[in-house]
Amino acid sequence: MASSKSPPWALSWRSNTLFIIATVAVGLFTDLFLYGLVVPVLPFMLRNRLSIPDNEIQSYVSNLLAAYAGASVIFSVPAGWVADRTSSRQAPFLSGLAALLAATIMLAFGRTVAVLFAARVLQGISAAVVWTIGLAMILDTVGPENLGKVVGSIFSFISVGELMAPVIGGALYEKTGYSGVFGVAAGVLGLDFLMRLLVVEKKTAAKYYDELPPDRGVEQHRTHNGYGSVRRSEEDAGDRDRGSTESDALLPNKRHKDEDSYKIHHEPSRIVRALPILVCFRSPRLLVGLSLAFVQASLLAVFDATIPTEAQSLFGFTSLQAGLLFIALDIPYLVLGPVAGWAVDRYGTKLAAVFGFGYLVPVLILLRLPSDRILSGADNVVLYCALLALNGVGLAVIGSPSVVETSDVVQKFNKANPGFFGANGPYAQLYGFNSLFFCAGLTVGPVVAGALRDGVGYGNMNLVFAVVAAITAILSFLVIGGKPRQNFLRGLWRRTRTS
């Protein structure tokens with residue numbers, strides 16, 4: 001029923017699906033961009049502004065990066081818990097930006113190590129809030145049936161911020177000093193603040209209209225929030241594609257058994273009542289789905305940490321030249337991310353996860369070829385760029401399965417237990433755990449990669465991560481999307497022919 005109050009100014013486009021998606025995408029982009037923008041500046045800031053001795057700078061830089069990751073891990077789940085208990089996600093979303101603004105000001109003017117550490121902690125808190133609430137807003141807006149392609153598109157966009165920000169930060173500092181770096185940061189923050197201030201959530205807009213603007217009706221929004229529309233699992237898709245057979249009469253019993261596995265039959269403990277998402281961890285699909293985010297983030301961080309050092313070692317590149325190599329990795333990610341997300345929505349999470357991580361196994365191993373110097377000079381640089389581009393394809397494919405898979409599992413729990421998770425459901429809590437696993441991967445990846453590269457060399461380091469990708473592909477085949485069926489490939493072939 002429409003509200004008696006007059007609607008906010010320009011409600012139609014402020015609650016438009018594309019504007020909401022763009023607002024969340026810019027928020028996530030800002031977080032990663034500002035994180036990476038100051039990374040190449042930190043050593044100079046410590047040396048020139050704080051007079052830290054050269055032999056201690058690496059230790060301080062590592063600790064400052066760890067402060068960011070640690071704060072993100074610690075605050076991700078509490079941010080989700082708070083978001084699921086507030087009537088609007090916009091207020092906590094804006095609070096995350098306030099923390100990021102304070103962190104940027106402290107980095108720009110801080111004159112002590114304590115201030116810099118406090119700034120990095122605030123950046124980590126902002127990341128926890130933005131990622132947790134941003135992904136929850138996306139699910140609220142587009143529903144589970146479109147989550148894959150939207151998340152794939154967003155991850156493609158924000159990957160530019162993650163991979164190119166250090167290059168831009170280094171170039172700006174070299175040409176303009178601190179003023180250029182933090183001037184760009186202020187501009188990005190201003191755009192982000194304006195969009196977050198203007199955005200209106202679908203459930204807020206629904207109070208003023210009997211029908212939402214044409215892009216997404218209120219009924220669809222209510223159905224999603226009532227969890228009556230659950231993303232089709234791969235098993236259900238296979239059942240529908242097979243057509244009517246003599247076994248169809250057994251399907252209702254099978255579906256009832258599947259739904260029953262998500263019901264809560266016992267009295268939850270005090271801890272579960274305080275953090276209801278914990279009950280969902282009894283499903284192995286949730287834990288493996290979150291593990292996909294950990295491995296994905298680890299692989300992204302490995303490239304971020306090792307491309308500059310390997311480029312300098314192999315080719316004698318400057319920091320700017322090494323940064324340009326990220327373009328080879330990033331273009332496939334940017335172009336193929338939406339396509340890979342659409343494939344997840346169409347063919348399921350199992351296929352995307354198995355193919356993506358399985359594909360990364362050989363292309364990670366092949367990254368040893370430039371180090372073996374089978375080619376020389378510019379040809380070796382071209383070979384390295386080509387291999388990075390091949391790895392970018394794999395990173396695009398693995399971008400969506402984790403978020404889509406874990407959302408599907410939690411939504412099944414929510415549908416099977418009406419009211420247990422509260423009015424907003426447990427989705428912000430879920431994305432809090434997703435952020436926790438992702439940030440843990442960003443923390444562990446560079447540390448392990450650096451130790452392996454120094455200990456066994458760049459080629460063998462990539463071999464180790466190829467083994468990790470292979471194990472992840474096997475786990476994905478066994479667990480993601482449910483247990484594999486004998487007719488999985490046959491059902492997939494029929495869906496491909498009818499698409």
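## Overall fold

Contact here means heavy atoms within 4.5 Å. Among contacts in the protein between residues at least 6 apart in sequence, 83% join residues at least 24 apart. The model is predicted, with pLDDT of at least 70 needed for local features and 80 or more for side-chain atom pairs, while totals for chains, interfaces and linings use all residues. Residues are numbered from 1 along each chain as its sequence is written, and side-chain values use heavy atoms, leaving out hydrogens and water.

The protein has 23 helices and zero strands; these are DSSP runs numbered from the N terminus, with helices being H or I of at least four residues and strands E of at least two. Of its 499 residues, 53% count as buried. Buried means under 20% relative accessible area, exposed over 50%, and partly exposed in between (1.4 Å probe, protein chains only).

## Packing of α16 and α19

Helix α16 (residues 326–347) packs with helix α19 (residues 378–397) at an angle of about 25°, and their axes lie 7 Å apart. The pair is therefore roughly parallel, a term for angles under 35 degrees. Axes are lines fitted to C-alpha atoms, for helices over the stretch in contact, and angles run from 0 to 180 degrees between N-to-C directions. The crossing of α16 and α19 is right-handed, that is, the near helix is turned clockwise from the far one by less than a right angle.

From α16, the contact is made by A328, L329, P332, Y333, L336, G337 and A340; the residues from α19 include C385, L388, A389, N391 and G392. By class, this contact has 13 nonpolar, three polar and no charged residues. Ala, Val, Leu, Ile, Met, Phe, Trp, Tyr, Cys and Pro count as nonpolar, Asp, Glu, Lys and Arg as charged, and the others, Gly among them, as polar.

V339 is also placed in α16 and counts as partly exposed, at 48% relative accessibility. V339 and G148 are 191 residues apart in sequence, yet 9.5 Å apart in space, C-alpha to C-alpha.

In helix α3 (residues 42–49), the residues L42, M45, L46 and R49 are buried. Seen down the axis of α3, these buried residues fall within an arc of 105°, so they line one face of the helix. The arc is that of the directions from the helix axis to the C-beta atoms.

S51, in the loop between α3 and α4 (54–83), has a positive phi of about 55° although it is not a glycine. S51 counts as exposed, at 58% relative accessibility.

## R373

R373 lies in the loop between α18 (369–372) and α19. Phi of R373 is near 55°, a positive value in a residue other than glycine. R373 is partly exposed, with a relative accessible area of 48%.

Conventions
Parallel < 35°, antiparallel > 145°, perpendicular 65-115°, else oblique.
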